[in-house]
Amino acid sequence: PAALQTALFTSYGTDYSFLAEMVAGSPAAARRRGVTVVDNYDHHRTPAGLDEHTYTVHNAAVRANFSVVLPPFFSDDTAAADRTRVHHGTMHPKMWLLEFSEGGACGSGFLRLAISSANLGRYDAKINNQVWACDFVRAQDAIEAARALGVSQLKAELKERRVDAAGCSEKAELAERLVEARRADSAGFGADLLFFVERLP
């Protein structure tokens, strides 16, 4: 994980020694606020807040800096009825947002979003779980990747994306149109779903 620069994890309970093994040796683990964990907690006994003192490089159990966020379930002025409603509320999402300085489509870094059915623990990692992950390239890398394609590849993908490229005579124009089309398609889930479904066997 030497290329891991920053990480955000959310979980319904966290095994911090397990997490420490996952990020060991990374710049993220070595610096303050390099790894942030939004964790579940007993909000009846523990106040919401930020813990940056328990899990540090000086703690032999983890040897990493973890900023642990205990999110508020209600504000101080929340009505009693609303407090009762969230009495059994939990911090349940399981998401990872990881920033890498190397690798990816152009080798110069990327952002990985992962949604998992597993909590951050050794036990959960050993059982059957589902994970969805998506890597996002840097904006400049997206442009360079499109420019690296051949004219026929550019035209083929533009056609697949239903983009009219008839007025484009230069390769640079085609690449620019493709980058715009990719960005526009990524803004709407429906277009991406259609693009995927059309490729199913």
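Modeller: Start with the end of the sheet. β6 and strand β7 (residues 131-137) run antiparallel, joined over 7 bridges. Here S116 faces V131 in β7. A word on terms: strands are DSSP runs (E, at least two residues), as are helices (H or I, at least four), numbered from the N terminus. Two strands count as paired if DSSP finds at least two bridges between them.

This is a predicted model: local features need pLDDT of at least 70, side-chain atom pairs count only at pLDDT 80 or more, and totals for chains, interfaces and linings use all residues. Residues are numbered from 1 along each chain as its sequence is written, and side-chain values use heavy atoms, without hydrogens and water.

Now step to the other neighbour of β6. Strand β5 (residues 95-100) and strand β6 (residues 110-116) are also antiparallel, over 6 bridges. E99 has L111 of β6 as its bridge partner.

Next, the whole sheet. It is open, has 7 strands and mixed pairing, and its order is β3-β4-β2-β1-β5-β6-β7. β3 (49-51) and β7 are the edges: each has a single partner strand, so one side of each lacks a neighbour in the sheet. Neighbouring strands are turned by 15 degrees against each other on average, direction ignored. Axes are lines fitted to C-alpha atoms, for helices over the stretch in contact; angles run from 0 to 180 degrees between N-to-C directions.

In β2, V35 is the bridge partner of A7. Helix α1 (residues 16-23) packs on the sheet. It touches β1, β2, β4 (66-70) and β5, where contact means heavy atoms within 4.5 Å. The direction of α1 makes about 135 degrees with that of β4.
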